[in-house]
Amino acid sequence: MSTRYLMIQAIGILGTILFFLSFQCKSNKNLFRVQFLSYLFYTTHLLLLGATTGGISYILNTVRSFCLGSKNDFLKGKTMCSILCILQLMTLVLTWDRWWSILPVAANIASTIGGYSYNARKIRIVGMFINSPLWIIYDVLVGSWAGILDEVASEASMIISIVRYGWKNLDKIES
């Protein structure tokens, strides 16, 4: 393994650490802000690995987190949710690189819809049962150790947050 490859993985690991910490934020606004930083690291990581669909999808995740963490009603609204989902589909078409290109796009559309529900429980359900499983498969296929670690850590972090805050307490809509 080259030093370059290990550095690319290290960039992804920084994203993993931030993403893990994001689910420890009780406020959805703070969760989205920490995820914004995490996505910047992942975008760089995936693009350097040559995983273009995943990298561009993470750019859209970065935009999504910025929108969800903003105070602007348009950016936090259903129209922006639709725009982001359409952009994910355009990413799929423009960066198609075999069947696994579908995985990050499907994961991110589900996470976008979950995020725009502003319901902490739904955000975690989508993360645990749709987003993380699809990304793990994609990460294995593109060689992203950091991505695999991220999804495993994310699953653990979501479970910790459920235990910490209580499942019932996470069923509040907070924008």
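How far apart are the mean positions of the positive and negative charges of the protein chain? The model shown is predicted, and in it the protein chain carries 15 positive and 8 negative charges, whose mean positions are 9 Å apart.

The fold of the protein chain consists of seven helices and zero strands. In sequence order, this gives the pattern α-α-α-α-α-α-α. The radius of gyration is 15 Å, close to the 16 Å that the globule rule gives for 175 residues, so the protein chain is as compact as a globular protein of that length. Its C-alpha trace spans about 45 × 30 × 25 Å along the principal axes.

The interior and the surface may be considered next. Of the 175 residues in the protein chain, 51% are buried. The protein chain exposes about 8400 Å², and carbon and sulfur atoms supply 72% of that area. As for contacts between residues at least 6 apart in sequence, 72% join residues at least 24 apart.

Leu 75 lies in the loop between helix H3 (52–68) and helix H4 (78–95). Its relative accessible area is 19%, and because buried means under 20%, Leu 75 counts as buried. Leaving aside residues up to four places away in sequence, Leu 75 touches Phe 66, Cys 67, Ser 70, Met 80 and Tyr 116. Arg 64 stands 11 residues from Leu 75 along the chain, and the C-alpha atoms of these two residues are separated by 8.6 Å.

Key. Residues numbered from 1 in each chain as written. Predicted model: local features only at pLDDT ≥ 70, side-chain atom pairs only at ≥ 80, totals over all residues. Heavy atoms only, no water. Helix = DSSP H or I, 4+ residues; strand = E, 2+ residues; numbered from the N terminus. Buried < 20%, exposed > 50% of the residue type's maximum accessible area, 1.4 Å probe, protein only. Contact = heavy atoms within 4.5 Å. Rg over C-alpha atoms; globule rule 2.2 N^0.38 Å. Areas by Shrake-Rupley, 256 points an atom, 1.4 Å probe, with all protein chains shown as cover. Lys, Arg positive; Asp, Glu negative; His and termini not counted. Charge placed at Lys NZ, Arg CZ, Asp CG, Glu CD.
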